[in-house]
Amino acid sequence: MGYQEYYAESINEPERFWQRQADQLAWFTPPLHILSTDSNGIQRWFADGKLNLAYLAVDFHVEQGRGDQAAIFYDSPVSDSKRQISYRDLMEQVARFAGVLRAKGVGYGDRVVIYMPMIPEAVVAMLACVRLGAIHSVVFGGFAAHELASRIEDAEPKVVLTASCGIEINKIIAYKPLLDEAIRLSAHQPEHVIVYQRAQCAAELQEGRDYDWCALAQEADQAPCVPVNGADPLYILYTSGTTGKPKGVVRDTGSYAVALKHSMSMLYDVKPGDVFWAASDVGWVVGHSYIVYGPLIHGCSTVLYEGKPVKTPDAAAFWRVAEEYRVKALFAAPTAFRAIRKEDPEGRLPARYDLSHLRYIFMAGERLDPPTYQWVSEVLDKPVIDHWWQTETGWAIVGNPMGVEPQPTKAGSAGLPMTGFDVRVLDANGDEMPVNQQGSIAIKLPLPPGCLPTIWGDFERLRSGYLRTFPGYYVSGDGGYKDEDGYIFIMGRTDDVINVAGHRLSTGEMEEVVASHPAVAECAVIGIQDPLKGQEPVGLVLLKDGVSIAEAELQQELVGLMRDRIGALACFKRVMVVDRLPKTRSGKILRKLLRQMADGEEFSIPSTIDDPSCLGEIQMLMQQRRIGTVAR
Ligand code: COA
Ligand code: AMP
């Protein structure tokens, strides 16, 4: 069956289509109802099936004779270590650590926060929670104590799991002091903290609350897999919205398992036994779906890479890993390839490695700009496939079905709608835009399996943030257009979310941090173009009357505040003091206009602007401060 026919069936006969996909999994009890409606009025897939995703991801493969196959290739240039973990070893470790958690009172429906670097124990921790029917929430290691605290407060975990440190280029980040500070800041107190001590740094343990991971694991009994309902939450993953309050995207179990299993063959064209490498982090959705669950459910070997595309030790790292583990599909963010290109512009390094097993390069996380697409395609001479998705959807909305019928690629386009996603481009009234005209990208309901059924503890946030704007549609927050062949072009967010080095960040949240500085009366944080990281945040600040502080000093203090409150990953480095900010007559700051000015784009001055005379002054300041392309 070709892509058109296959896709059409997924839209026109969704229950039949998805039932067939669900049949690929070893349910304890197969679902009776394929599509049903929950108490919030959300359509849910496979709600009443019984399964356990840790069983599907690990034990099942051992039962099927894959026990000796590598489940995880751990490769860590930053700690100079490598480890291969077979499915059988993984099963043993997961069952034992589930025993540890069970002994600490963790059971079905309890939450566990995981604040860990890219080490195999992070994967073991996730799967151990799942084995017990507990809900994990992994927090990216680059987030500072304040961010971690807000997630602990929202998820209310019984236990927090951590490691003594993460390792960045040439520096060790001690996690335990950050976690201790987060717990101090949080209104919710976890009962226990379990710490994996790494050789690079020893964490202090607090008597009565903190435990040593290995000591507990040595004594623990193995715990069996607990069957859960298809509709039960598997994890909560916090992502950036328009405000500082973290948004806990909930993923359910059954529909996610079906969607991931399906995507491994339909989109990524990999088979059980193949090696899949998502060069991301378990703290992001890509890590959840394609470092951990997707490849393991499918019986692949997954690469867990604790390093960077460059400087660990050099720009050949990706090619070295791809050769060493015979990677078939590599998935990374475009920014990683821009970093590689910067150090190896002629693309000489890949030729030094045997990349004959590498069939595909998949990219997501941010827009794949045509120059990067062209460079990677030429240098590797392999298909480069962009695909667009979000934490909310858990897998690709738009892409290229390499395992069904590869479609021609178009530079600048993320591809064609994936199975079950009825993608539309809408105008402000919710009517479809003509081809090649930009609008809001929305998905007609119901969403296919794998997508979020709610926001943790706040269903209203799902309704108001995604479902209310255009009744009958999920609104993605991205803008773009569809061309005459149905290809989707994603042109950027329509809200206050920006994308820095493939990391999703909220400028609204950054504004809250800037505004908390005693000298600041008002501010706007905008995301301007950056040749390496895609976007970079810049703060425009209005000082309080009577306050005098040098711009450089304020910048230094705000940069420190941002690293303390959000984390270094925000890459907040630039601040500009202005006398006025452009606003509408109703007082709304014209952030888009500021961004367009900085990026040197054409802009029209809205008729609702209160006082356009400040624009010239801001433009001049941007030039003087070398902010954005306006200065280049
Ligand atoms: N723990 C602690 N700190 C972290 C961290 C982590 N897990 N990840 C990043 N940071 C810190 C870095 O140390 C750096 O701190 P610094 O300002 O003190 O130097 C800061 O956050 C910014 O990090 P990063 O964006 O990684 O910048 P970089 O200059 O070190 O590396 C790239 C640049 C392009 C190589 C890197 O951003 C990259 O690999 N990006 C791809 C990201 C990705 O895969 N995203 C996938 C989502 S699908
Ligand atoms: P996250 O939820 O962190 O995965 O970030 C999702 C956001 O990243 C999307 O809403 C887009 O703005 C952006 N994004 C992800 N993949 C792509 C892509 N292939 N092309 C353009 N933007 C993308």
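Which polar side-chain atom lies 2.5 Å from an oxygen atom of ligand 2? Select Thr 391, whose side chain supplies that atom; a polar contact here is a pair of N or O atoms within 3.5 Å. Before going further, note that this is a predicted model, in which local features need pLDDT of at least 70 and side-chain atom pairs count only at pLDDT 80 or more, while totals for chains, interfaces and linings use all residues. Residues are numbered from 1 along each chain as its sequence is written, chains are lettered from A and ligands numbered from 1 in the order in which they are written, and side-chain values use heavy atoms, with hydrogens and water left out.

Next, select the shell of 15 residues around the ligand, the closest being His 387, Thr 391, Asp 478, Arg 493 and Arg 504 (a heavy atom within 4 Å).

Then colour the open antiparallel sheet, ordered β23-β24-β25-β26, with β23 (422–426) and β26 (488–493) at its edges; strands are DSSP E runs of at least two residues, paired if DSSP finds at least two bridges between them. Strand β25 (residues 473–482) joins β26 over five bridges, and Lys 482 stands opposite Ile 488 of β26.

Conventions
Helix = DSSP H or I, 4+ residues; strand = E, 2+ residues; numbered from the N terminus. Polar contact = N/O pair within 3.5 Å; in protein donor to acceptor, adjacent residues only side chain to side chain.
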